[in-house]
Amino acid sequence: IYKFLGLATVFKNCNCSQLRGLHSDIELLFEVSSVVSMSDLTCVSMLFFEVKAVLKKREYGPKYTQNNFITGVRAINEFCLKSSDLDQLRKIKRRSPHDDTETFTVYLRSDVEAKSLEVWGSPEALAREKKRRKEAEIKYRENLFRNQRLLWEYKEFFGNTKPRSSTAAMFFKGPGKVVMVAICINGLNFFFKLLAWVYTGSASMFSEAIHSLADTCNQALLALGISQSARTPDPSHPYGFTNMRYIASLISGVGIFMMGAGLSWYHGIIGLLHPHPVESLLWVTIFSNNFFVSATLLVAINEIRRSARAKGLSFYQYVVQSRDPSTNVVLLEDAAAVLSVAVAATCMGLTSLTGNPYYDSVGSLGVGTLLGTVSAFLIYTNTEALLGRSIEPEQLQRLTELLESDPVVRAIHDVKATDMGMSKVRFKAEVDFDGRVVTRSYLEKQDIEQLLQEIQQVKTLEELEAFMLKHGENIVDTLGAEVDRLEKDLKQRNPDVRHVDLEIL
């Protein structure tokens with residue numbers, strides 16, 4: 001015992017390097033412990049050591065994941081079950097991550113696995129069924145186009161049971177209406193300008209005809225982009241197809257540069273190298289075309305003014321930020337059309353008065369330069385939008401202040417708010433939550449007296465573990481509810497925020 005007391009004193013006062021030399025004393029300690037009872041040794045050791053009761057570290061193997069929760073959809077897809085097979089399993093209500101659902105039903109993974117073995121008999125049979133379904137899915141995807149053709153051919157047999165698509169309604173208001181009006185008017189402009197070029201042989205009028213044709217094709221592409229942007233998100237594109245408008249506008253800008261500016265420059269250079277006289281001019285046709293294009297331009301301007309006023313932006317900011325790419329293309333194309341008609345009319349007038357065909361060729365070069373400037377602006381703004389730019393600093397500051405002023409938040413780091421296009425913002429931040437406030441929020445919803453009684457009944461380590469596991473899980477659920485509340489507040493502060501990712505530090 002005296003040897004043990006001396007060894008205990010040495011343990012208390014020495015460091016780890018000195019403990020390595022106590023091997024013989026430790027052996028003697030075990031010899032003494034075989035003679036003296038452990039209760040006596042414990043009482044003596046408590047005089048020198050602060051005894052700490054620590055739970056044995058639990059090793060969580062792969063089987064522990066069987067206690068995880070999975071949804072009914074995963075249970076059916078991953079374990080090849082039917083919905084009727086899940087009726088007999090234990091159903092657990094959990095907090096839903098979706099705004100429109102308060103709770104949703106989940107199942108214990110262990111229950112689902114046991115049910116799948118009961119249905120299929122063995123893991124091998126389940127694996128064969130999974131493989132068969134995977135092969136069937138691949139085969140269906142390969143034949144998807146053929147199936148769609150069959151559905152189209154037998155459309156009358158099935159009957160028109162689907163509701164009217166909302167895509168068609170998009171072309172009767174907003175950007176869709178502007179694009180459809182532009183397609184009709186630019187198509188007429190191309191027809192009249194083509195007749196004028198055939199009659200006069202003017203290089204400027206040829207450039208104008210090419211310009212109108214390019215505008216018509218580009219705006220048809222914009223209509224396709226608007227139609228595709230209305231598609232419902234799918235697993236391959238979880239954030240939707242809204243960027244199709246920017247893609248269509250970007251291709252449109254490239255088309256203006258290649259087809260409009262390129263051909264205009266080419267025809268103007270040919271006119272300078274090989275000049276030829278211009279026949280009589282059709283001023284009435286030019287005036288009519290200018291009137292039609294001006295009408296489309298007014299429609300685009302009114303739509304942008306209305307949308308900019310709704311967003312609290314100026315006309316210039318709305319255009320430069322490319323908030324509505326389809327209307328932007330129509331606005332800039334028609335503005336370029338009005339200016340190019342003026343340039344073409346001026347140069348053709350000078351050619352008519354002086355008899356010098358070089359003025360007409362210079363007009364063609366001027367129209368090409370104007371179209372090149374418009375196409376460069378469209379390419380730049382749509383590329384910036386597709387790259388994912390940040391929102392305005394003022395808006396980001398308001399969202400940051402909302403988080404920092406909340407009691408549950410200690411600090412926020414790495415804040416990013418990306419404009420995904422078409423008034424859709426994705427907000428991301430790493431949040432340092434105050435655990436004390438979260439715990440207090442949980443305790444405010446509990447019966448404190450009952451909780452105190454539960455604490456007083458805890459006598460053993462097993463009871464303490466069960467108590468902490470029960471309330472620890474509830475506190476984590478409370479933290480999840482706080483995250484949901486913050487996400488909802490962010491969306492209310494800025495309605496453009498559609499996706500919020502708060503990472504807990």
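Which residues is Leu 378 in contact with, leaving aside its neighbours within four places in sequence? I looked this up in what is a predicted model, and found that Leu 378 is in contact with Gly 253, Ile 256, Val 329 and Leu 332 once those neighbours are set aside.

I then turned to the core around this residue. The largest nonpolar core has 27 residues, and Leu 378 is listed with Val 179, Leu 222, Val 330, Leu 331 and Leu 371 as touching the most other members. I noted which elements give two or more residues to this core, and these are α11 (174–200), α12 (203–229), α13 (244–273), α14 (283–311), α15 (315–320), α16 (325–354) and α17 (358–387). Of these, α16 gives the most, with six residues. Apart from this core lies another, of 21 residues, and its members include Leu 402, Leu 403, Val 408 and Val 500.

Next I looked at the sheet. I found four strands forming an open sheet, in the order β4-β5-β6-β7 and with mixed pairing. The edges are taken by β4 (389–390) and β7 (497–504), and each has a single partner strand, so one side of each is left without a neighbour in the sheet.

I followed β4 to its partner: β4 and β5 (residues 409–419) run antiparallel and are joined by two bridges. For Arg 389, I noted that the bridge partner in β5 is Asp 419.

Last, I checked the helix against this sheet. Helix α18 (residues 393–404) lies across β4, β5, β6 (425–433) and β7, and runs at about 155° to β5.

How values were computed: Residues are numbered from 1 along each chain as its sequence is written. This is a predicted model: local features need pLDDT of at least 70, side-chain atom pairs count only at pLDDT 80 or more; totals for chains, interfaces and linings use all residues. Side-chain values use heavy atoms; hydrogens and water are left out. Two strands pair if DSSP finds at least two bridges between them. Contact means heavy atoms within 4.5 Å. Axes are lines fitted to C-alpha atoms, for helices over the stretch in contact, and angles run from 0 to 180 degrees between N-to-C directions. A nonpolar core is a set of buried Ala, Val, Leu, Ile, Met, Phe, Trp, Tyr and Cys residues joined through side-chain atoms within 4.5 Å. Buried means under 20% relative accessible area, exposed over 50%, partly exposed in between (1.4 Å probe, protein chains only).
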